[in-house]
Amino acid sequence: YVRFHLISPLIQQSAENIVLFDTFVNILSHNLGEPAYEADVAQLEYKLVAGEHGLVIRVKGFNHKLPLLFQLIIDYLSDFNFTPAVFEMITEQLKKTYFNILIKPETLAKDVRLLILEHGRWSMIDKYQTLMNGLSIEALSSFVKAFKSQLFVEGLVQGNFTS
């Protein structure tokens, strides 16, 4: 089991940055779908999670091939690229996801409660409005470049690994 948290202060600076970060993580997951398929067949699991303060990369499975899967994820992260069609598809999916959160009273209530309790938190309404106002491909590219330049990393490795 390997878990790394790539933390960046850039994410919480604005609602637009949060939406750009969500878009980035979803495109990265989409890009990894085909190359990581063989790892899935070999019973290796991975998950990319857009956390509040950064990207969480989790991989688990048999230890002798786990570093290769982790390296694949890191390679796709460092050489991040996307097509305009993928960008459009992911932003449309995010619009639906955000809207579905807004129409459920229990998730909206949780979001409002956290907005009151946490300093510097952006509401789901702010994120949805930002997405509806439109994102540009250039904004995503510059955000990803800035995100990768301002990272702090925390990691945890458990299992049959040597130091």
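This is a predicted model: local features need pLDDT of at least 70, side-chain atom pairs count only at pLDDT 80 or more; totals for chains, interfaces and linings use all residues.
Trainee: Which residues in α1 meet which residues in α4?

Mentor: Val-19, Asp-22, Thr-23, Asn-26, Ile-27 and His-30 of α1 meet Val-86, Phe-87, Met-89, Ile-90, Thr-91, Leu-94 and Tyr-98 of α4, where contact requires heavy atoms within 4.5 Å. Residues are numbered from 1 along each chain as its sequence is written, and side-chain values use heavy atoms, with hydrogens and water left out.

Trainee: Why are α1 and α4 called oblique to each other?

Mentor: Their axes come within 10 Å and cross at roughly 120 degrees, the axes being lines fitted to C-alpha atoms, for helices over the stretch in contact, with angles running from 0 to 180 degrees between N-to-C directions. Under 35 degrees counts as roughly parallel, over 145 as roughly antiparallel, 65 to 115 as roughly perpendicular and the rest as oblique, and α1 and α4 are therefore oblique.

Trainee: What makes α4 and α6 roughly antiparallel?

Mentor: α4 and α6 pack at about 150 degrees, with their axes 10 Å apart, and are therefore roughly antiparallel. Among the residues that meet are Leu-94, Tyr-98 and Phe-99 in α4, and Ile-125, Tyr-128 and Leu-131 in α6.

Trainee: Is the crossing of α4 past α6 left-handed or right-handed?

Mentor: α4 passes α6 in a left-handed crossing, whereas α1 passes α4 in a right-handed one; a crossing is left-handed if the near helix is turned anticlockwise from the far one by less than a right angle, and right-handed if clockwise.

Trainee: Why is Gly-120 called partly exposed?

Mentor: Buried means under 20% relative accessible area, exposed over 50% and partly exposed in between, with a 1.4 Å probe and protein chains only. Gly-120 has a value of 41% and is therefore partly exposed; its place is in the loop between α5 (105-117) and α6.

Trainee: Which residues touch the most other members of the largest nonpolar core?

Mentor: Phe-24 and Leu-55 do, among 42 residues, a nonpolar core being a set of buried Ala, Val, Leu, Ile, Met, Phe, Trp, Tyr and Cys residues joined through side-chain atoms within 4.5 Å. α1 gives the most to this core, with 9 residues. Leaving aside neighbours within four places in sequence, Phe-24 is in contact with Leu-77, Phe-80, Leu-140, Val-144 and Phe-147.

Definitions and conventions: Helices (H or I, at least four residues) and strands (E, at least two) are DSSP runs, numbered from the N terminus.
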